[in-house]
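Thanks for coming. I will talk through one structure this morning, and the model goes up on the screen now.

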Amino acid sequence: MSSPVSQVFSSLMRISSSLARACSSPSLLSSPALPRRGLSVSSSDVKRKAVMVAATGQHHGKTTVTLGMVHELLARGRRVSYQKPVGQQTVPVVCQGKELQVDRDVDIFKHVWPQLVGSYSDASPVAFPPGFTRMVLDGKVQTRDLVQRCRESFGRLVEASDYVVVEGTGHIGVGSIIDLNNAQVAAELDLDVVMVAPGGLGVSFDVLAANHALLKEHGVRLKGVVLNKVDEKKKDMIEHYYRKALQRIDIPLLGVIPSDAELPLLSMKSFSRLLSRNRLLACCC
């Protein structure tokens with residue numbers, strides 16, 4: 001008999017993989033090119049080969065969706081990169097003999113899937129150690145240098161991969177205090193955004209609208225919306241009316257993930273422990 005964690009893992013991958021297929025459909029992987037912003041790759045390549053997964057708030061399911069997309073793309077035999085341009089929770093890693101501070105999720109993704117393209121430093125170009133915000137505000141670190149680091153790392157990943165899945169941090173406005181929020185990062189990298197929002201109608205759409213406004217302010221296209229943790233009994237009703245609401249602003253509803261009491265129990269740490277027990281973890285650099 002499989003363990004509860006194994007059952008939750010199977011449920012998570014089943015849901016998120018089906019979502020990845022929707023997010024990766026040909027109609028959603030192409031869009032008009034925007035002006036380049038100093039990237040080493042063309043805007044059309046970025047639109048064809050990359051997307052940012054963001055959320056209306058913390059713990060809304062952004063990493064779950066990202067896990068599913070990476071899993072599905074790798075299953076198709078693609079060369080895949082994962083990047084978290086701006087990370088807040090850091091861990092030390094040793095790469096090529098040097099110790100780096102990288103985002104925690106980057107370290108886990110790189111261990112879970114050793115075949116992911118790119119170095120730790122390119123997957124996590126900007127990580128916030130304690131006191132980092134004060135360093136930027138005091139002028140000891142320049143935002144323009146952080147932006148350039150993100151551009152260069154992202155450009156290398158796009159050139160080396162078939163597809164790059166970029167994960168945002170918290171809600172769209174996180175990072176605004178140093179002029180490096182998710183909308184600004186997406187704009188600098190010419191990325192479209194897939195937004196994960198909580199299940200519901202009025203409150204969920206209101207929060208989505210606030211996040212969407214910041215995307216529009218920076219000229220970033222919202223590619224589609226995923227609803228997460230939707231009450232199974234209200235799923236059909238919520239999906240119907242949320243889709244109608246989104247149609248008014250010409251944005252597709254990409255998927256609906258039902259609420260599952262067990263899914264929140266599967267943290268990234270327990271996810272990595274599960275795979276470690278199954279001998280699927282391997283160190284990579």
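This is a predicted model: local features need pLDDT of at least 70, side-chain atom pairs count only at pLDDT 80 or more; totals for chains, interfaces and linings use all residues.

Start at P198, which has N228 in β9 as its bridge partner.

In which order do the six strands come? Reading across, it is β2-β7-β1-β8-β9-β10, an open sheet with parallel pairing. Why is one side of β2 and of β10 left without a neighbour in the sheet? β2 (80-83) and β10 (253-258) stand at the edges and have a single partner strand each, so one side of each has no neighbour there. On average, neighbouring strands are turned by 20° against each other, with direction ignored. As a reminder, strands in a sheet pair through hydrogen bonds of the backbone, parallel or antiparallel.

Next, a single residue in a helix. H212 is part of α9, which covers residues 202-217. Is H212 buried or exposed? Its relative accessibility is 11%, and the cut-off for buried is under 20%, so H212 counts as buried. Leaving out residues up to four places away in sequence, H212 touches L222, I249 and I251.

Then the second largest pocket, with a volume of about 190 Å³. Its lining includes L100, Q101 and V102, along with S121, F132 and R149. Which elements supply at least two residues each to this lining? They are β5 (98-103), β6 (126-127) and α7 (143-160). β5 gives the most, with three residues. By type, the lining has eight nonpolar residues, three polar and one charged.

Last, the overall numbers. The protein has eleven helices and ten strands. Of its 285 residues, 54% count as buried. Among contacts with a separation of 6 or more, 77% are between residues 24 or more positions apart.

That is the end of my part.

Methods. Residues are numbered from 1 along each chain as its sequence is written. Side-chain values use heavy atoms; hydrogens and water are left out. On a 1 Å grid over the protein atoms alone, a cavity is a set of points where a 1.4 Å probe fits but cannot get out, and a pocket is an open set with protein on both sides within 12 Å along at least five of seven lines; lining residues have an atom within 4 Å of a point. Grid points are joined across faces, edges and corners, and a volume is the space filled by probe spheres set on the points. Helices (H or I, at least four residues) and strands (E, at least two) are DSSP runs, numbered from the N terminus. Ala, Val, Leu, Ile, Met, Phe, Trp, Tyr, Cys and Pro count as nonpolar, Asp, Glu, Lys and Arg as charged, and the others, Gly among them, as polar. Buried means under 20% relative accessible area, exposed over 50%, partly exposed in between (1.4 Å probe, protein chains only). Contact means heavy atoms within 4.5 Å. Two strands pair if DSSP finds at least two bridges between them. Axes are lines fitted to C-alpha atoms, for helices over the stretch in contact, and angles run from 0 to 180 degrees between N-to-C directions.
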